[in-house]
Amino acid sequence: MLPVKKPTKDYRTLDDIRQRKDELLEQLQEDNTKFTTLWDQVFVKKEGNSKGDYIASLVSNGFVAVDTFLLIRKLIKGYGYLFGNKKRKK
């Protein structure tokens, strides 16, 4: 995709250039505040974790770990020849 050319203004005096510079500086500051708020929203820390939430996350992580272990065990049992454990079943 080709870049879009925006019409440029003719600047005849230093005052015109300074005015445009100030406008661009204001736009940059506005964009910076927008990016800062968006960035902060991405990395929001969860506050106020109760013991119930902590225990629930432990149980959930435990189930995920057990499920992953069983999946890997099943894959190695069925496709162990890919890992060099034993010969392929015929």
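1. R20 is partly exposed, because its relative accessibility is 28%. The cut-offs are under 20% relative accessible area for buried, over 50% for exposed and partly exposed in between, with a 1.4 Å probe and protein chains only. The model is predicted: local features need pLDDT of at least 70, side-chain atom pairs count only at pLDDT 80 or more, and totals for chains, interfaces and linings use all residues. Residues are numbered from 1 along each chain as its sequence is written, and side-chain values use heavy atoms, with hydrogens and water left out.

2. R20 has a partner. Its side chain meets that of E23 in a salt bridge, at 3.4 Å from N to O. The term requires a side-chain nitrogen of Lys or Arg within 4 Å of a carboxyl oxygen of Asp or Glu. E23 and R20 are 3 residues apart in helix α1, so about one helical turn separates them. E23 is partly exposed, at 30% relative accessibility.

3. A further salt bridge joins D15 to R18; their closest N and O atoms are 3.6 Å apart. Both residues lie in helix α1, with a spacing of 3 residues, about one turn of the helix. D15 is exposed, at a relative accessible area of 55%. R18 is partly exposed, at 49%. The count by this rule is 2 salt bridges.

4. Negative charge gathers on the surface in a patch of D22, E26, E30 and D31. Patch members have over 30% relative accessible area and no salt bridge; like charges are joined within 9 Å, and nonpolar side chains (Val, Leu, Ile, Met, Phe, Trp, Tyr) within 5 Å. Lys and Arg count as positive, Asp and Glu as negative, while His and the chain ends are not counted. The charge is placed at NZ of Lys, CZ of Arg, CG of Asp or CD of Glu. E30 lies in helix α1, residues 14-42. Its relative accessibility is 48%, so E30 counts as partly exposed.

5. There is also a nonpolar surface patch. L71, I72, L75, I76, Y79, L82 and F83 form it, with about 710 Å² of accessible area together. Areas come from the Shrake-Rupley method with a 1.4 Å probe; for residues, only the protein chains shown count as cover. L82 sits in the segment after α2 (51-79). L82 is exposed, because its relative accessibility is 60%.

6. Overall, the protein has 2 helices and 0 strands. These are DSSP runs numbered from the N terminus: H or I of at least four residues for helices, E of at least two for strands. Of the 90 residues, 1% count as buried. The protein exposes about 9700 Å², and carbon and sulfur atoms supply 60% of that area.
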